[in-house]
Amino acid sequence: MIKRRTTPTVSIGHIKIGYGHPIVIQSMTNTPTADVKATVEQVLELANAGSELVRITINDDAAAQAAIEICKELKDRGCSNPIIGDFHFNGHILLNRYRELAKSLAKYRINPGNIGHGQKHDEHFEMFLKVALEHEKPVRIGVNGGSLDQDLLKDMMDRNARNPRPNTPEKVFCEAVIESALRSAEHAQNLGMPEDRIILSAKLSDLQQLLYVNQELARRSGLTIHLGLTEAGLRTEGTVKSSVALGILLNQGIGDTIRVSLTPDPETPRTREIEICKNILQSLGLRYFSPTITSCPGCGRTDNTLYQQLALDINHYILQNLEEWKKKYPGVESLKIAVMGCVVNGPGESRDADIGISLPGKSEEPQAPVFMDGKQICVLKGPAIKNDFLRLLDDYISKRFQT
Ligand code: SF4
């Protein structure tokens, strides 16, 4: 059982984030925000896939004006997902110039690494925070390894060089990331921002650094944390790296919202990021989105693909029926189904699942015992195994999850 860190509840529109609330999935559009139509369509696509928060970049006047329209059109089209403005360099100017924008967005993200130097840095930070305070909006202080505050880093590197026992540059870099987030949070709180309107994030592309920085942020601050590995990479590499990074931190109780950032490619829909987030949360037992199917990889003990086909067919059947089941059978998302290939692990895994079937391997009798709640309830045989099992699955779901 994962023991989550106690963090304040931050309200972003109607979504609540923090301890006691589900870990929230977020994503970000990659359309030019000035293209209202394309951005609205992508927000809808991401929201429909399960992204509870969607972030859009607001980089110039055209994007700022478009963002107002985007929020309005989304509302008109029945999409209530909070929209977050992602600001770099000029957020303090745009939010002050477009008051309607400040009102329309549900949260603002500020990157303390790119809002100017010295006195200007603080002035811009204060201008930004002032708008958030005026409109009672939460902010995310989002530090990024690639755009870390260079003044702070230089200062910390210089101090480290004078240290008789200096730390490695990598360690100082990580400490600068942490320091940037913590100092900014303290600055925001000194300006009057309550802790339940601040979210911290520190994203890096190096997995070990990401772990250290977030573990330290969690240890040194009580604030709510957004997790993400930045520049994770393409497809498999990005998926694995993100899953390992987020999985480790979430398993330690760290993280209240998550995002997986994959490098886009023509064959990977933007919604893949959300699918991965759901899978990470479900694998850890933190949230359930769809029944889990335990299926074995198969080996030389099987001489047919019956179990593979059955696993695919059950998956397809679940996808087809899931929306309806969710309405009729609350909690069905937590169902565990096993579809196993032979007698070696089949009965054990099937017994551990809510409902499971152990198909016959090469040298076994052509029969498939079915288990429910740990007990064998029947043995299926013949060409109708799939349909018979789906019938049993329907019965099980209707009995177990009927309200
Ligand atoms: S359950 Fe049987 S078929 Fe599946 S991987 Fe194990 S030994 Fe092979």
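Where is Ser 27 found?

Guide: Ser 27 is found in strand E3, residues 24-28. Helices (H or I, at least four residues) and strands (E, at least two) are DSSP runs numbered from the N terminus. Residues are numbered from 1 along each chain as its sequence is written. This is a predicted model, in which local features need pLDDT of at least 70 and side-chain atom pairs count only at pLDDT 80 or more, while totals for chains, interfaces and linings use all residues.

Ser 27 counts as buried because it has 27 C-beta neighbours inside 10 Å. A residue is buried if 20 or more other C-beta atoms lie within 10 Å of its own, exposed if 12 or fewer, and partly exposed in between, with C-beta atoms placed from the backbone. Not counting residues up to four places away in sequence, Ser 27 touches Leu 46, Ser 51, Val 54, Arg 259, Glu 273 and Ile 274. Contact here means that the C-beta atoms of two residues, placed from the backbone, lie within 7 Å. Gln 209 is 182 residues from Ser 27 along the chain, and their C-alpha atoms are separated by 22 Å.

The strand that holds Ser 27, E3, belongs to a barrel of eight strands, closed in the order E3-E4-E5-E6-E7-E8-E9-E10 with parallel pairing. From one strand to the next the twist averages 25°. Strands pair if DSSP finds at least two bridges between them; E5 (residues 83-86) and E6 (residues 107-110), for example, run parallel and are joined by three. Gly 85 stands opposite Tyr 108 in E6.

H9 (residues 235-251) lies across E9 (224-229) and E10 (257-260), at about 155° to E9. Axes are lines fitted to C-alpha atoms, for helices over the stretch in contact, and angles run from 0 to 180 degrees between N-to-C directions.

The largest nonpolar core has 77 residues, and Ala 67, Val 177 and Leu 200 have the most contacts inside it. Its largest share, eight residues, comes from H7. Such a core is a set of buried Ala, Val, Leu, Ile, Met, Phe, Trp, Tyr and Cys residues joined through C-beta atoms within 7 Å. Leu 200 touches several residues beyond four places away in sequence, among them Ile 141, Ala 181, Ala 185 and Ile 225. A second, separate core of 24 residues includes Trp 325, Val 339, Cys 342 and Leu 393.

Glu 136, in the loop between H5 (118-134) and E7, is exposed, with 9 other C-beta atoms within 10 Å. Its phi is near 55°, a positive value in a residue other than glycine. Asp 373 lies in the loop between E14 (367-372) and E15 (375-381); with 11 other C-beta atoms within 10 Å, Asp 373 is exposed. Phi of Asp 373 is near 45°, again positive in a non-glycine residue.
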